[in-house]
Amino acid sequence: MISDFIKGAGAYVKAFQTISEMRLWKYLLVPGLISLLLGGSIVGAAWGMSDNLGMWLQSWYPWELGAGTIAAVAGWIGMALILIFGLIIYKHLILVVVSPFMSPLSQKVEERITGIPTPNKGFQAAKAMKDIVRGLRIALRNITKELFFVSILFLLGLIPVIGWVCSILIFLVQAYYAGFGNLDYTLERHCTVKGSNRFVKDNRWLAVGNGTVFLLILMTGIGFLFAPPLATVAATLEATKRLDSPQIQSREGQVDYV
């Protein structure tokens, strides 16, 4: 568990070196701008809507005693709710939108690791659409599960004694699903959607490690510019090593490769 987490998080150092050595900076520009615009929109929405949500939460408090304190707390809760759920939406949207850029980036890194080149066929609209459709399938599945778990943990987090524990768990859940999406840019070349789910489940702490650094980079603000490509390369470096191990099996025992 700890070893996988460290490998997932530590791969970012090697990822930066790999991008520099292979001169892959061009893959960062467009996805970075898309990520920054999407992230900025969500943060702006959170700032603008938090007061309205806070007032709505405050309206459920019927007494005048302590109304000022309740209003302040409700405002912070409103901001936290929008940021948490906004970040969930951002993660899954960006993973789908930038997939036509991240998949080739992941492929180039894998080619370097394995030494097996893939013929350069240039941009293919059909391939890009296939990547987006696959991304949507996984995103819809993951966002449903993530929203469910985070909602439960957020409600439990309102209990003072266990609130801090739930905050950590919410972060880890978000990290897991962020790592899942980053790993799938590699897995899509080797596994079906079912096989990808199985791989990430078997390597869950690798996904959490990758997703943890991804989220921490985003929290810097400027990290929206380079978090997706950096996370993709980091995930590719570790996933490629593990795909050389015995074939991924489905729950029925059938090979689940593409």
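User: What percentage of the 258 residues in the chain is buried?
Analyst: The model is a predicted one. A residue counts as buried when its relative accessible area is under 20%. Within the chain of 258 residues, the buried share comes to 44%.

User: How many helices and how many strands does the secondary structure of the chain contain?
Analyst: Read along the sequence, the pattern is α-α-α-α-α-α-α-α-α. The corresponding totals are 9 helices and 0 strands.

User: Among contacts between residues at least 6 apart in sequence, what percentage joins residues at least 24 apart?
Analyst: A contact here requires heavy atoms within 4.5 Å. Of the contacts in the chain between residues at least 6 apart in sequence, the share joining residues at least 24 apart is 82%.

User: Is Asp184 buried or exposed?
Analyst: Asp184 is part of helix H6, which spans residues 163-187. The cut-off for a buried residue is a relative accessible area under 20%. Because the relative accessibility of Asp184 is 7%, this residue counts as buried.

User: With which side chain does the side chain of Asp184 make a polar contact?
Analyst: Leaving out residues up to four places away in sequence, Asp184 touches Arg134, Ile138 and Ser196. A polar contact requires a pair of N or O atoms within 3.5 Å. At 2.6 Å, the side chain of Asp184 makes such a contact with the side chain of Ser196.

User: Is Ser196 buried or exposed, and at what relative accessibility?
Analyst: Ser196 is placed in helix H7. Residues up to four places away in sequence aside, Ser196 touches Arg134, Ile138, Phe180, Asp184, Leu187 and Cys191. Ser196 counts as buried because its relative accessibility is 0%.

User: Which term describes the orientation of H6 to H7?
Analyst: The axes of H6 and helix H7 (residues 193-202) come within 10 Å and cross at roughly 125°. This angle makes H6 relative to H7 oblique.

User: What is the handedness of the crossing of H6 and H7, and how many nonpolar, polar and charged residues does their contact have?
Analyst: H6 and H7 cross in a right-handed manner. On the H6 side, Tyr176, Phe180, Leu183, Asp184 and Leu187 take part, and they meet Ser196, Asn197, Phe199, Val200 and Lys201 of H7. By class, the contact of H6 with H7 has 6 nonpolar, 2 polar and 2 charged residues.

User: Are H8 and H9 roughly parallel or roughly antiparallel to each other?
Analyst: The axes of helix H8 (residues 204-218) and helix H9 (residues 227-243) come within 10 Å, crossing at roughly 165°. Angles over 145 degrees count as roughly antiparallel. The relation of H8 and H9 is therefore roughly antiparallel.

User: How many nonpolar, polar and charged residues does the contact of H8 with H9 have?
Analyst: H8 passes H9 in a right-handed crossing. From H8, the contact involves Leu206, Asn210, Phe214, Ile217 and Leu218, while H9 contributes Ala227, Pro228, Leu230, Ala231, Ala234, Ala235, Glu238 and Arg242. By class, the contact of H8 with H9 has 10 nonpolar, 1 polar and 2 charged residues.

User: How far apart in space are Val173 and Glu146, C-alpha to C-alpha?
Analyst: Val173 lies in helix H6 and is buried, with a relative accessible area of 16%. Neighbours within four places in sequence aside, Val173 is in contact with Glu146, Phe149, Val150 and Leu153. Val173 and Glu146 are 27 residues apart in sequence, and their C-alpha to C-alpha separation is 6.9 Å.

User: What is the C-alpha to C-alpha separation of Ile168 and Gly157?
Analyst: Ile168 is found in helix H6. Ile168 counts as partly exposed because its relative accessibility is 44%. Ile168 and Gly157 are 11 residues apart in sequence, and the C-alpha to C-alpha separation is 9.9 Å.

User: What distance separates the C-alpha atoms of Leu140 and Leu93?
Analyst: Leu140 belongs to helix H5, residues 125-157. Leu140 counts as exposed, at 57% relative accessibility. Leu140 and Leu93 are 47 residues apart along the chain, and their C-alpha atoms are separated by 9.8 Å.

User: What value is phi of Arg23 near?
Analyst: Arg23 is placed in the loop between helix H1 (2-22) and helix H2 (26-58), and at 69% relative accessibility counts as exposed. Most residues other than glycine have a negative phi. In Arg23, a residue other than glycine, phi is positive, near 55°.

Methods: Residues are numbered from 1 along each chain as its sequence is written. This is a predicted model: local features need pLDDT of at least 70, side-chain atom pairs count only at pLDDT 80 or more; totals for chains, interfaces and linings use all residues. Side-chain values use heavy atoms; hydrogens and water are left out. Helices (H or I, at least four residues) and strands (E, at least two) are DSSP runs, numbered from the N terminus. Buried means under 20% relative accessible area, exposed over 50%, partly exposed in between (1.4 Å probe, protein chains only). A polar contact is a pair of N or O atoms within 3.5 Å; within protein, one must be able to donate a hydrogen and the other to accept it, and residues adjacent in sequence count only if both atoms are side-chain atoms. Axes are lines fitted to C-alpha atoms, for helices over the stretch in contact, and angles run from 0 to 180 degrees between N-to-C directions. Angles under 35 degrees count as roughly parallel, over 145 as roughly antiparallel, 65 to 115 as roughly perpendicular and the rest as oblique. A crossing is left-handed if the near helix is turned anticlockwise from the far one by less than a right angle, and right-handed if clockwise. Ala, Val, Leu, Ile, Met, Phe, Trp, Tyr, Cys and Pro count as nonpolar, Asp, Glu, Lys and Arg as charged, and the others, Gly among them, as polar.
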